[in-house]
Amino acid sequence: MRLVEARRESLPVRLLKWLKLDPLLLLLLGLLMTLSCLVLFSAGGGNIDLVLRQLVRFGVAIGVMLFVAQITPHALKLWSPWIYAVGVSMLIAVAVIGVTGKGAQRWLDLGFMRFQPSEVLKLAAPMMVAWYLGDRALPPTVRQVLVSLVIITVPMLLIMDQPDLGTALLVGSAAFFALFLAGLSVRLLLAGGGLALIAAPIMWFFVMHDYQKQRVLTFLNPESDPLGSGYHIIQSKIAIGSGGVMGKGWMNGSQSQLDFLPEQSTDFIFSVFGEEFGLVGSLLLLLLYVLVLARCLRIASRAQDSYARLLAGSISLTFFVYLFVNIGMVSGLLPVVGVPLPMVSYGGTSVVTLAAGFGMLMSVNANKRLMNR
Amino acid sequence: MARRRARLRNPDMEIRLFKGRALFAGVVCLLLAATLFGRLAWLQFFQYDNYQEQSQDNRVRVRPIPPTRGLIFDRNGQLLADNRPSYQLEITPELVEDMDALLAQLESVVSISDQERTRFKQGLYRQRRGSYKGVPLKFNLAPEQLAAIAVDLHRYPGVSIEARLNRFYPDHGTAVHTVGYVGRVDERDLERLEKRAYQGTTHTGKAGIERHYEDLLHGEVGFEQVEVNVQGRALRVLDQQKPEPGANLYLSLDLGMQRVAERAFGEEAGALVAMDPRTGEILAMASMPTYDPNSFVNGISVKDYAALRDGFYRPLFNRALTGQYPPGSTVKPFYGLGALEEGVNTQGKKIRCIGYYQLPNEDHRYRCWKKHGHGRLDLDQSIAQSCDIFFYDLAHRMGIQKMHDYLAPFGFGRELGIDTLGEEGGLLPSPEWKRRARNRPWYPGETLIAGIGQGYFLATPLQLAVATSALAMDGAVPKPHLLQRVEHADGRVEHHSTEPMGQVEVKQQRHWEYIKKSMEHVVHHRRGTAYWNVGVNSEYRFAGKTGTAQVFSVAQDEEYDEELVEKRLRDHALFVSWAPVDDPQIVVAVIVENGGHGSSVAAPIAKQVMDYHLLGEAP
């Protein structure tokens with residue numbers, strides 16, 4: 001049966017298979033990258049430089065993806081605890097000797113480059129949970145759930161201390177997805193949620209310091225900083241809203257072309273997209289992301305073992321969470337967190353991390369179960 | 001219970017479990033995507049009109065258009081302060097990634113002096129972040145510099161060349177103390193000025209007329225609605241409300257006379273005030289040395305400013321209004337009038353000058369400037385020959401309080417309220433003043449020195465001119481002023497004139513004639529102190545009074561330049577005069593610092609100015 005299939009496949013597809021890449025996922029990602037270049041060209045006011053630099057980053061990202069795709073899930077599983085340990089150590093190092101950049105301590109100066117360890121944890125944390133649960137019978141016991149929660153909480157607390165509440169929540173949710181997909185009992189989930197609801201006010205009134213409360217308040221209510229992120233959100237909403245159903249047309253967004261938008265090539269790139277391509281364009285973009293998610297979940301469900309399944313599943317869901325948080329943020333639905341629009345926003349770090357994640361998915365896909373049981 | 005002990009793995013079950021969970025998560029994700037879509041539909045469909053409107057508003061910015069500053073002319077329409085177009089190099093810091101690199105690049109095209117660099121750095125520091133305003137780097141670009149930069153402008157993001165109207169003083173130092181100068185608006189100015197009206201205005205009056213009549217000169221700010229990007233770069237003008245230019249001011253100054261006056265001083269330091277005694281209009285007001293106000297317009301370096309401020313002659317100091325000097329013998333006619341009025345001296349009564357004067361019961365000899373004495377002379381000749389002994393005697397008999405009371409109505413000892421800044425009031429001594437200021441009683445000897453305009457007595461050149469005017473005009477004390485007429489932007493012309501400040505009343509009108517005659521004798525009598533220097537060859541008859549002020553007496557005063565006292569101990573030379581004697585048209589008061597004798601140094605300067613006015617002669 002496999003021989004028959006193989007004969008039908010064209011040469012490019014066979015080449016991709018040999019490279020351990022999934023053609024459909026690659027196609028969808030390629031579409032996102034093309035879109036990224038188009039919107040960046042417009043956001044940069046017709047400046048090709050920005051696009052060229054993004055293309056270089058995509059090149060690096062594809063290289064990373066290709067490299068990671070060659071690593072078998074088995075090897076990934078063996079390395080998981082070490083990657084996690086190194087990541088957490090680096091977070092501790094940042095806390096002790098880190099370089100302060102953009103008002104928060106997030107960077108580690110390695111001499112030749114500056115490095116953001118919290119980015120590593122976005123993958124390392126779910127890997128660690130998948131590693132821990134992967135060898136155990138599922139669904140996890142209460143004890144296993146508690147151990148998993150410790151694995152999740154340690155990096156979260158360290159990142160929160162930087163302070164980077166947004167990233168901490170993203171790292172936490174990525175790892176939590178692995179736990180959820182492993183079959184975390186719904187009763188425990190509800191109990192935990194209930195406990196958190198009770199604990200929150202107690203923490204607020206009796207445990208947290210004033211400066212910590214202030215951080216949470218600024219996070220939840222950017223309007224309290226009208227010259228900072230509040231201004232961004234207002235401008236962004238005007239951009240998106242004024243796009244209307246059909247949009248103002250590519251390169252025609254007055255908000256973006258007149259440079260009113262903040263960070264319009266990075267976190268706020270969707271505002272440019274929404275203004276220029278309207279509701280119809282936005283719908284198509286959402287559809288594209290849903291297709292990526294669907295393909296990723298499909299790959300996850302055909303993984304060869306429990307570890308690969310949990311890892312692939314959590315990466316897929318995390319990818320979608322980024323999308324949701326980003327668009328929710330620029331459209332004024334969610335607080336402002338520094339989350340880029342996955343694969344579209346300008347910027348190196350996030351694209352490389354995402355590409356590494358997709359590399360793992362490719363690897364999982366290339367090593368799927370031989371027979372569908 | 002068995003589950004816990006031997007948890008055998010069931011791969012199929014685990015896969016089913018995962019698929020169930022993944023499906024659930026997928027559905028949740030779909031719901032989230034639907035939420036996003038709903039949110040976007042809300043913004044882009046239901047709220048579209050609202051945001052569309054806001055987007056329009058966003059493009060449109062209201063920007064102030066600074067008004068054109070009014071010009072300043074002399075009485076004959078000669079320009080004193082002009083606006084000249086100039087090009088300046090500006091950098092918008094928000095658009096520059098690496099400022100040092102950019103400056104280095106620019107430096108290869110145009111020279112950037114240390115002063116320009118420092119001033120630019122200060123400008124950068126002062127500007128609020130995110131205001132997207134250009135900070136000027138170089139002013140008054142020369143044509144070749146302009147061309148060199150303009151060609152490559154696209155290579156330097158954030159760099160722009162702006163055309164601005166720059167204040168320019170075509171005669172440089174001439175009348176600088178009167179006209180003043182403008183400078184860039186700084187924080188202290190903003191505390192004083194109305195913020196709304198000064199949006200977009202870069203310069204404001206800092207001294208002299210430029211500052212005193214700032215409200216008239218500035219004009220009304222205008223506004224334009226422009227489509228801008230966030231850099232504030234205007235793409236299109238949508239609507240405009242034109243600014244109203246400032247009014248043009250015509251001063252009473254005569255630029256030609258001012259030039260004559262300043263030239264007449266040569267290298268000497270001092271001051272001159274020429275005014276029309278009938279109207280109070282200031283015709284010329286000089287303070288020497290001068291300086292070039294153009295160097296202040298776009299900011300003077302700290303070093304250059306310090307050199308001006310602390311220089312030997314202190315050029316920034318407006319001697320005509322702020323300089324307080326002992327008036328010396330120039331006050332004798334005023335005391336003479338008082339003596340006549342009081343009957344202390346009657347016309348024709350003579351005393352003998354033997355070269356010194358002694359108070360009863362005192363050994364101290366108060367000397368006359370003429371060592372061996374003038375012999376017998378009356379009041380008329382005492383003024384003409386400036387005998388000190390006569391006035392010691394007069395002062396002794398009149399007493400300090402009466403001396404004070406007779407001089408006060410002439411404007412001594414108080415500010416006269418001329419329409420510019422920096423006027424000082426001088427000091428007309430009295431026992432009451434001394435008690436208040438020094439907490440000391442008045443000594444009889446001090447009365448004598450006050451009688452010859454020395455001691456505590458201080459007057460500004462302006463006060464001397466005004467008081468002399470009052471003598472010339474039989475007691476009408478003119479109110480000095482500089483502004484003659486205002487030409488508003490709408491063409492309306494407003495004339496400014498002032499009423500006399502007061503009238504010095506006398507019991508007998510002939511006392512005026514007596515004193516005026518004695519002052520004519522100063523110039524035209526063969527024994528008059530100014531006869532040989534200026535009177536003998538004069539084509540018209542005029543009146544005057546010489547004065548010589550001892551610098552020693554100045555040393556007690558804190559205000560006056562101590563350096564000069566140390567280095568140059570020569571007396572100050574003074575001369576006050578009016579002409580023609582019977583029909584006063586011009587009053588001139590001159591002081592030449594450390595000039596020596598009033599007759600030989602100060603009087604010729606006054607004569608040149610009067611010649612110019614009456615004969616039209618420019619020497």
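In which loop of chain B is Pro580(B) found? Pro580(B) sits in the loop between β22 and β23 of chain B, where helices (H or I, at least four residues) and strands (E, at least two) are DSSP runs numbered from the N terminus. The bond that joins Ala579(B) and Pro580(B) is a cis peptide bond, with omega about -15°. The structure is a predicted model, in which local features need pLDDT of at least 70, side-chain atom pairs count only at pLDDT 80 or more, and totals for chains, interfaces and linings use all residues. Residues are numbered from 1 along each chain as its sequence is written, and chains are lettered from A and ligands numbered from 1 in the order in which they are written.

A cis peptide bond also runs from Met288(B) to Pro289(B), with omega near -5°. Pro289(B) belongs to the loop between β12 and α12 (294-297) of chain B. Most residues other than glycine have a negative phi, and most peptide bonds are trans. Ala175(B), in the loop between β5 (159-168) and α7 (176-179) of chain B, has a positive phi near 60°. Asp474(B) is not a glycine either, and its phi is positive at about 55°; this residue is placed in the loop between α21 and β17 (476-477) of chain B. Ala175(B) is buried, with 30 other C-beta atoms within 10 Å, whereas Asp474(B), with 16 C-beta neighbours inside 10 Å, counts as partly exposed. A residue is buried if 20 or more other C-beta atoms lie within 10 Å of its own, exposed if 12 or fewer, and partly exposed in between, with C-beta atoms placed from the backbone.

Strands β22 and β23 also take part in an open sheet of five strands in chain B, in the order β12-β11-β23-β22-β21, with antiparallel pairing. Two strands pair if DSSP finds at least two bridges between them. The edge strands, each pairing on one side only, are β12 (282-288) and β21 (543-549) of chain B. From one strand to the next the twist averages 5°. β21(B) and β22 (residues 572-579) of chain B run antiparallel and are joined by seven bridges; Lys545(B) stands opposite Val576(B) in β22(B).

Helix α21 (residues 461-472) of chain B lies across β11 (270-275), β22 and β23 (586-592) of chain B, at about 145° to β23(B). Axes are lines fitted to C-alpha atoms, for helices over the stretch in contact, and angles run from 0 to 180 degrees between N-to-C directions. Val273(B) touches, among others, Pro461(B), Leu462(B), Ala465(B) and Ala589(B), not counting residues up to four places away in sequence. Contact requires C-beta atoms, placed from the backbone, to lie within 7 Å.

The largest nonpolar core has 122 residues, and Val273(B) is among those with the most contacts inside it. Such a core is a set of buried Ala, Val, Leu, Ile, Met, Phe, Trp, Tyr and Cys residues joined through C-beta atoms within 7 Å. Domain 1 (63-251) and domain 2 (255-292 + 312-615) of chain B both give residues to this core, so it lies between them; the domain bounds come from an automatic or database domain assignment. Apart from this core lies another, of 112 residues, including Leu21(A) and Met360(A).

Between the chains, 41 residues of chain A are in contact with 36 residues of chain B. On the side of chain A that touches chain B, the largest share, 11 residues, comes from α13(A).

Definitions and conventions:
Two residues are in contact if their C-beta atoms, placed from the backbone, lie within 7 Å.
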